[in-house]
Amino acid sequence: MYATKDLYEEGHSLASSYIHSFTYPWEALSGIKNLILEIGKTLSPDEYDNPKEGVWIHKEASVMPSAFIGSPCIIGKGTEVRHCAFVRGSALVGENCVVGNSVELKNVIISDNVQVPHYNYVGDSILGYKSHMGAGSITSNVKSDKTLVVIKDRVNGEEIKTGIKKVGAFLGDFVEVGCNSVLCPGSVIGPHSNIYPLSRVRGVVSANSIYKKEGDIVEKKGEN
């Protein structure tokens, strides 16, 4: 339930084939920077502006003047980057996305039709197709004791050592994260799941679930 193939349907990102070359999504984090630079070289200047080295913005995207776009970065067609967004770099943002006011992105793959619209921090993470992060929800990407992140599946009693210090969250396709939630390092949210507002999420949440609080996770009924 935390393998790449279980979280993301192919074809919803310029990074899709790259992501699916890995068994687990966190294995893709270290190569995001180089991936963006390689993809950027292939983008048509008829479709993408190249305002500075390592940055490609689709001509049909909207980027507010107050937004900071660091290198390397790709902003897809139809995406809106709002006032005071801080894209630190190593960010591949798909088509028809919203990167909102005061949102910070760093070392991320944002699939098509994703919304991070209000005061979100997303770092060292991959967000699946049509996922949405409510206002103030963030991905925490470093443990307080600075030890390497372990992916914990408490349902099946499994743990996977990532061998990585900075690991954020992996949202499957169609995930909804409620306002002011914190996704702790190494959180994996299965497709079509909902996270209640004000949640603190740790470990793996199965697909088609409603996360109410730790220890209170229920399966959706009659939904995909």
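The exercises below, each with a worked solution, concern a predicted model of one protein chain.

**Exercise 1. Determine how strand E2 is placed among its neighbours, and whether its two faces are buried or exposed.**

Begin with the partners of the strand. Strand E1, residues 48-52, is joined to E2 by three bridges, and these two strands run antiparallel. Within this pair, Ile 57 of E2 stands opposite Asp 49.

Finally, consider the faces. In a regular strand the side chains alternate between the two faces of the sheet. In E2, which spans residues 55-58, Val 55 and Ile 57 lie on one side, Trp 56 and His 58 lie on the other, and all four are buried, so that both faces are covered.

**Exercise 2. Identify which residues have the most contacts inside the largest nonpolar core, and which elements give two or more residues to this core.**

As a first step, recall that in soluble globular proteins nonpolar side chains tend to be buried together. The largest such core in this model has 33 residues, and the ones with the most contacts inside it are Val 93, Val 99, Leu 105, Val 116, Leu 127, Met 133 and Leu 171. The elements that give two or more residues to this core are E2, E5, strand E7 (86-93), strand E9 (104-110), strand E11 (121-127) and strand E16 (169-171).

**Exercise 3. Decide whether Thr 79 is buried or exposed, and describe what it touches.**

Locate the residue first: Thr 79 belongs to the loop between E5 and strand E6 (80-81). Its relative accessible area is 1%, and because the cut-off for a buried residue is under 20%, Thr 79 counts as buried.

Then examine the surroundings. Not counting residues up to four places away in sequence, Thr 79 touches Ala 61, Ser 62, Val 93, Gly 94, Glu 95, Asn 96 and Cys 97. With Gly 94 there is a specific approach, since a polar atom of the Thr 79 side chain lies 2.6 Å from the backbone oxygen of Gly 94.

**Exercise 4. Find which elements supply the lining of the largest pocket, and which residues line the largest cavity.**

Start with the pocket, which holds about 250 Å³ of space. It is lined by 14 residues, of which Arg 154, Val 155, Val 204, Tyr 211 and Ile 217 are the closest to its centre. Strand E22 (204-205), strand E23 (209-213) and strand E24 (216-219) each supply at least two residues of the lining, and E24 gives the most, with three.

Continue with the cavity. The structure holds one cavity of 30 Å³ or more, and the space in the largest cavity is about 70 Å³. Its lining consists of Tyr 8, Glu 9, His 12, Ser 13, Ser 16, Ile 19, His 20, Ser 111, Ile 126, Tyr 129 and Asp 173.

**Exercise 5. Describe the backbone geometry at Pro 72, Ser 90 and Asn 113.**

The background is that most residues other than glycine have a negative phi, and most peptide bonds are trans.

Take the peptide bond first: Ser 71 and Pro 72 are joined by a cis peptide bond, with omega about -5°, and Pro 72 is found in the loop between strand E4 (68-69) and E5.

Now take the phi angles. Ser 90, in strand E7, has a positive phi near 55° although it is not glycine, and at 12% relative accessible area this residue is buried. Asn 113, in the loop between E9 and strand E10 (115-118), likewise has a positive phi, of about 60°, and at 28% relative accessible area Asn 113 is partly exposed.

Note on methods: Residues numbered from 1 in each chain as written. Predicted model: local features only at pLDDT ≥ 70, side-chain atom pairs only at ≥ 80, totals over all residues. Heavy atoms only, no water. Buried < 20%, exposed > 50% of the residue type's maximum accessible area, 1.4 Å probe, protein only. Pairing = 2+ DSSP bridges. Core = buried A, V, L, I, M, F, W, Y, C linked by side-chain atoms within 4.5 Å. Polar contact = N/O pair within 3.5 Å; in protein donor to acceptor, adjacent residues only side chain to side chain. Contact = heavy atoms within 4.5 Å. 1 Å grid on protein atoms, 1.4 Å probe; cavity = no way out; pocket = protein on both sides within 12 Å on 5 of 7 lines; lining within 4 Å. Points joined across faces, edges and corners; volume = space filled by probe spheres on them.
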